[in-house]
Amino acid sequence: MSTPSSSTAARTATSSSALGLLFRQVRDAMWQRMERELAASGHSLNFSQFITIKSLATNGVAGATDLARLANLNPGAMTRLLDKLEARGLLARSADPNDRRALNIQLTEAGESIWSDIEQCGQRVRERALRGMDEATRIQMTRLLEQVRDNLTSED
């Protein structure tokens, strides 16, 4: 029984479909682990809700379009997500004084309070994902992933 040559294995490991699948598997595993971590900490939030709260906590006020892009949701889904978080008292929407068609979205005091707790969930998931990697490897991996993202999103 023969084994594939190392060059064949390397081609297989880096084929575009295998690379895309690996990225998808990593993303899905991160999302699932984050949702389990949130649930274990007593928070009934999904990953998109976590990302929305994180964005508002780190950037202050945001618009629905920017939040939808960050959470990888269409505008209708983002509106429903915002409705749910607003009903829970975690965020508030107000008219944008510079554009009457737009709304500014920001965390409420309750939203800021929950952020301090769920941020710890995110840190635990990141640590688990990067377990066994030294700091230099973590930095290099992040840099390489950013390069891949930038290569794929840049206009040629």
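A pocket is an open set of grid points with protein on both sides within 12 Å along at least five of seven lines. The exercises below apply this term and others to a predicted model.

**Exercise 1.** Determine the volume of the largest pocket and describe its lining.

*Solution.* Step 1: the volume of the largest pocket is about 1700 Å³. Step 2: its lining consists of 37 residues, and those nearest the centre are Val26, Arg27, Met30, Trp31 and Leu145. Step 3: two or more lining residues are given by each of H2, helix H3 (47-59), helix H4 (64-71), helix H6 (109-129) and helix H7 (135-153). Step 4: H2 provides the largest share, eleven residues. Step 5: sorted by class, the lining comprises 21 nonpolar, eight polar and eight charged residues.

**Exercise 2.** Locate Asn72, then describe its phi angle and its exposure.

*Solution.* Step 1: Asn72 lies in the loop between H4 and helix H5 (75-87). Step 2: its phi is near 60°, a positive value in a residue other than glycine. Step 3: exposed means over 50% relative accessible area. Step 4: Asn72 counts as exposed because its relative accessibility is 56%.

Note on methods
Residues are numbered from 1 along each chain as its sequence is written. This is a predicted model: local features need pLDDT of at least 70, side-chain atom pairs count only at pLDDT 80 or more; totals for chains, interfaces and linings use all residues. Side-chain values use heavy atoms; hydrogens and water are left out. On a 1 Å grid over the protein atoms alone, a cavity is a set of points where a 1.4 Å probe fits but cannot get out, and a pocket is an open set with protein on both sides within 12 Å along at least five of seven lines; lining residues have an atom within 4 Å of a point. Grid points are joined across faces, edges and corners, and a volume is the space filled by probe spheres set on the points. Helices (H or I, at least four residues) and strands (E, at least two) are DSSP runs, numbered from the N terminus. Ala, Val, Leu, Ile, Met, Phe, Trp, Tyr, Cys and Pro count as nonpolar, Asp, Glu, Lys and Arg as charged, and the others, Gly among them, as polar. Buried means under 20% relative accessible area, exposed over 50%, partly exposed in between (1.4 Å probe, protein chains only).
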